[in-house]
Amino acid sequence: MRILVIQPELDDPPHLFGEWLSEAGATLEVRHPYAGDAVPTLDGYAGLLVMGGAMGANDDEVLDWIGPVKELIREALSERVPTLGICLGHQLMSTALGGRVTPNPHGQQVGLIGVGWTEAAAEDRLFAGLATPRRGVQWNYDLVVEPPAGAVVLARTEQGEIQVARYGRSAWGVQLHPEVDETIVGTWVTDSERVELADRGLDAELLLREIKEAREELDHAWAPLAAGFADVVMGPP
C-alpha cells in the first residue's frame with residue numbers, strides 16, 4: 001500500500017499522521033517540491049496525501065510546482081485514487097477543482113478549535129465514525145470560502161468556516177492539522193507572529209502548551225482518521 005505524499009514545506013512533514021498510516025500498513029513515499037523534487041505521476045501509488053504549507057493555494061505564478069500538484073490532484077480524482085489534503089492540501093484541492101480560497105474574513109485561526117460536523121458527515125465513507133464532538137489544531141490565515149461544484153461540506157466552525165469537505169467519492173480535505181504536535185507548531189510561530197498574537201490578546205506559549213496538554217485527546221481524535229484513510233486506500237474504489 002504505497003501512498004504518495006506531497007510535502008510543500010520543510011516544517012509540515014506527515015509526522016504523527018505518517019506514523020499512524022505506517023502502523024496501518026502503508027508505505028509513504030514523500031516528495032518535497034519546495035526542494036526541487038519533481039511532482040510524479042500516480043503510477044504505482046494507491047493513495048495521495050497532500051500536506052500543508054505557508055504558501056498560498058493561488059500562488060501558481062510564484063511557485064512553479066503549484067500547478068503540477070493541482071494537476072496531480074485532478075488526476076487522482078479522475079482515477080479515483082483516494083486522496084486527503086491537509087490545510088494547504090485541502091485548499092489546493094479546492095482551487096484545482098474550481099473552488100475559491102482567500103484569507104479568512106474573520107482573521108487567522110490558531111489553536112484548538114472544535115469541529116462542527118454537518119449532517120452529511122454522518123453518512124460519509126471516511127468521517128462517519130469521527131462525527132462526534134472533538135477538537136483539532138488549526139493554524140491558518142487562508143481557507144476555502146467557496147467550495148467547487150459538487151463538493152460536500154462535512155464540518156464548519158461556529159462562524160461557518162469550512163473545516164472538512166469531500167471532493168468526489170474518494171477525496172477529502174481538512175483545514176485542521178491532525179499530523180502535528182506542539183513541536184511542529186512551534187516551528188511555525190515566528191517572532192513577528194508572536195507579536196501579532198499578543199496584539200490580539202493571545203499568548204503563543206499558552207497556545208502551544210494547550211496543544212501539548214491535549215496530546216492524548218488529539219491522538220484519540222485523529223489516529224482513527226489515518227486508519228480510516230488507510231482502509232479506503234486498501235478498499236474498493
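**A buried glutamate and its surroundings**

Mentor: Happy to! In this predicted model, Glu-179 is buried but takes part in no salt bridge, and Arg-215, the nearest side chain of opposite charge, lies 9.0 Å away.

Glu-179 sits in the loop that runs between β12 (171-174) and α4 (182-188). What does the side chain of Glu-179 join in a polar contact? The partner is the side chain of His-177, at 2.7 Å. Further along the sequence, beyond four places either way, Glu-179 is in contact with Asp-12, Pro-13, Pro-14, His-15, Leu-16 and Phe-17, and also with Met-51 and Ile-86.

Now look at the empty space. Rolling a probe the size of a water molecule over the atoms shows where such space is left. One cavity of 30 Å³ or more is counted, and the largest cavity has a volume of about 40 Å³. Helix α7 provides the largest share, three residues.

The largest pocket holds about 370 Å³, and β8 and α4 are the elements that give two or more residues to its lining. In total, 17 residues line this pocket, and those nearest its centre are Gly-53, Ala-54, Trp-139, Asn-140 and Tyr-141.

Side chains of opposite charge can pair when their charged atoms come close. How many salt bridges does a search of the whole structure find? The search finds nine.

One of them joins Glu-29 and Arg-2, with their closest N and O atoms 2.8 Å apart. This pair links distant parts of the chain, since Glu-29 belongs to strand β2 (residues 27-31) and Arg-2 to strand β1 (residues 2-6), 27 residues apart. Glu-29 counts as partly exposed because its relative accessibility is 22%, and Arg-2 is partly exposed too, at 31%. Arg-31 joins Arg-2 and Glu-29 in a network of salt bridges.

Another salt bridge is formed by Lys-70 and Asp-60, whose closest N and O atoms are 2.9 Å apart. Lys-70 is in helix α2 (residues 66-79) and Asp-60 in the loop between β3 (47-50) and α2, so the pair ties together parts that are ten residues apart in sequence. Lys-70 is buried, at 7% relative accessibility, whereas Asp-60 is partly exposed, at 33%.

A further example is Glu-205 with Arg-194, which meet in a salt bridge of 2.4 Å, N to O. Here two helices are tied together, because Glu-205 lies in α6 (residues 204-213) and Arg-194 in α5 (residues 191-199), eleven residues apart in sequence. Glu-205 is partly exposed, with a relative accessible area of 40%, and Arg-194 is partly exposed at 29%.

Terms used: Residues numbered from 1 in each chain as written. Predicted model: local features only at pLDDT ≥ 70, side-chain atom pairs only at ≥ 80, totals over all residues. Heavy atoms only, no water. Helix = DSSP H or I, 4+ residues; strand = E, 2+ residues; numbered from the N terminus. Buried < 20%, exposed > 50% of the residue type's maximum accessible area, 1.4 Å probe, protein only. Lys, Arg positive; Asp, Glu negative; His and termini not counted. Salt bridge = Lys/Arg side-chain N within 4 Å of Asp/Glu carboxyl O. Polar contact = N/O pair within 3.5 Å; in protein donor to acceptor, adjacent residues only side chain to side chain. Contact = heavy atoms within 4.5 Å. 1 Å grid on protein atoms, 1.4 Å probe; cavity = no way out; pocket = protein on both sides within 12 Å on 5 of 7 lines; lining within 4 Å. Points joined across faces, edges and corners; volume = space filled by probe spheres on them.
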